[in-house]
Amino acid sequence: MNARRLLAALLAAALLPISPSVAATDKQLRAVRGEVGHKVTKDADFKRVIGQLILGDDEFAVTHDAANGLLSLPDSSEIALGPNTSVQVGKFNDPASSTPTLITLQGPGTIRFAVKRPAGGKSNYVFQTVTSQIAIRGTTGLYSAGPNGDTIACLACEPGDVVVTVGAKTYPLLTGQTLFVSLAGIVTAGAITAILLQTFTGAGLSTSATSATAFAPGIGSGAAAGGSSVAGAAAAHAAGLSAGVIAGGAAAAAVVGTAIANKKNDPIPARVTPSPSPTPSPSPTPTASPTPVGGTAVLKSVQLTPTPIPSPTPKPKKP
């Protein structure tokens, strides 16, 4: 009898689903809303994720229309994906290693990254984009790729946290600053504005550096917990920044920027406020001079001489 019970228990255990253990180097992709999936290679078939899965090295995390996904990394860093976004995730490397963990951003899309700083050290990530390389050492920021170029915005960045390399030049970013890099390599600096934040909020991403969730209020589980606080933090953050933003790109709807000089290791001012162009004073319209009458401006008086009236001739008298 005991043998039968033991056999039944073994059979039952064999039928239980086996949950893969999470290793120290595993990257997990979770579907938050809509169609979220992965590709083994860029041109491979899209495989939808139900719940979450462990993403292999160099695989792609992909979202479709009105979809959001969350990529959790072994060091507790998170990358939140907006709709129609594709991100290739390389092998996770120890922050102390000289080899960074490479995240390649494929084509148009939006993300919010929250890279954790290890105790007593810095993280070591590189985001490779079409226009630039972004070295991340521990920070919270936003990224968007559009048809005209890339936008990088710092929500909470200390000196050295974010350094953008374009060609042979590097550009450090601080909290509240933005950088737009055109497809031609032209770099434009600016400051975060409400218009820019609304673009990322519309993609379902949180624009608060202190939010408990990576997503905008109402997106995914746990959004309600940080709902009003996220919205308030985003509004306060936007209100406290100047009105200069980057020109062009999908993330900038109506923005003004300041071009950066072509110098290596160019520092970006904390706030860039464009000087207003002087309004030209209208030139007075000349008044036409009156045309002189008769060739002179003043008419002279004319004295008329009266003509004498002749006296009548007397008729001769008859004899």
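Author: Let us begin with a pair of facing residues. The model is predicted, and in it glutamine 88 stands opposite threonine 104 in E9.

Reader: Which strands are joined there, and in which sense do they run?

Author: Strand E8 (residues 86-89) is joined to strand E9 (residues 101-106) by 4 bridges, and the two run antiparallel.

Reader: In which sheet order do E8 and E9 occur?

Author: The order is E3-E2-E5-E8-E9-E11-E12-E15-E16, an open sheet of 9 strands with mixed pairing. Its edge strands are E3 (47-48) and E16 (169-173), each of which pairs on one side only. For the chain as a whole, the count is 3 helices and 19 strands.

Reader: How does E5 pair with E2 and with E8?

Author: Strand E2 (residues 36-39) pairs with E5 in the antiparallel sense over 4 bridges. Within that pairing, glycine 37 stands opposite valine 62 in E5. E5 is also joined to E8 by 4 bridges, again antiparallel. There, phenylalanine 60 stands opposite glutamine 88, the residue that also faces threonine 104 in E9.

Reader: Is strand E5 covered or exposed?

Author: Strand E5 (residues 59-63) is mostly covered, with 5 of its 5 residues buried. One side carries Glu59, Ala61 and Thr63, the other Phe60 and Val62, and all of them are buried. In the chain of 319 residues, buried residues make up 40%.

Reader: Which residues of E17 lie on each of its faces?

Author: Gln177, Leu179 and Val181 lie on one side of E17, with Thr178, Phe180 and Ser182 on the other; all are buried.

Reader: What are the pairing partners of E17?

Author: Strand E14 (residues 149-156) pairs with E17 in the antiparallel sense over 5 bridges; alanine 153 has threonine 178 as its bridge partner in E17. Strand E18 (residues 187-191) is joined to E17 by 5 bridges and also runs antiparallel to E17. E17 and E18 form a hairpin with 4 residues between them, and glycine 185 in the turn has a positive phi of about 90°.

Reader: How far is valine 181 from serine 132 in sequence and in space?

Author: The two residues are 49 residues apart in sequence and 7.7 Å apart in space, C-alpha to C-alpha. In the chain, 56% of the contacts with a separation of 6 or more are between residues 24 or more positions apart.

Reader: Which residues of helix H2 are buried, and which are exposed on the face turned away from them?

Author: In helix H2 (residues 194-202), the buried residues are Leu196, Leu197 and Phe200. They cover an arc of only 95° around the axis, and therefore lie on the same side of H2. The face turned away from that buried side carries the exposed residues Gln198 and Gly202. After H2 comes glycine 204, whose phi is positive, near 85°.

Reader: How is empty space within a model found?

Author: Rolling a probe the size of a water molecule over the atoms shows where empty space is left. In this structure, the search finds 1 cavity of 30 Å³ or more. The largest cavity has a volume of about 40 Å³. Its lining residues include Thr85, Ser86, Leu105 and Tyr143. E10 gives the most to this lining, with 3 residues. The lining of the largest cavity divides into 4 nonpolar, 6 polar and no charged residues.

Reader: What volume does the largest pocket have, and which residues lie nearest its centre?

Author: The volume of the largest pocket is about 190 Å³. Of its 15 lining residues, Arg112, Ala114, Lys116, Thr140 and Ala209 lie nearest the centre. The lining of the largest pocket comprises 6 nonpolar, 6 polar and 3 charged residues.

Technical notes
Residues numbered from 1 in each chain as written. Predicted model: local features only at pLDDT ≥ 70, side-chain atom pairs only at ≥ 80, totals over all residues. Heavy atoms only, no water. 1 Å grid on protein atoms, 1.4 Å probe; cavity = no way out; pocket = protein on both sides within 12 Å on 5 of 7 lines; lining within 4 Å. Points joined across faces, edges and corners; volume = space filled by probe spheres on them. Nonpolar A, V, L, I, M, F, W, Y, C, P; charged D, E, K, R; others polar. Pairing = 2+ DSSP bridges. Buried < 20%, exposed > 50% of the residue type's maximum accessible area, 1.4 Å probe, protein only. Arc of directions from axis to C-beta. Contact = heavy atoms within 4.5 Å.
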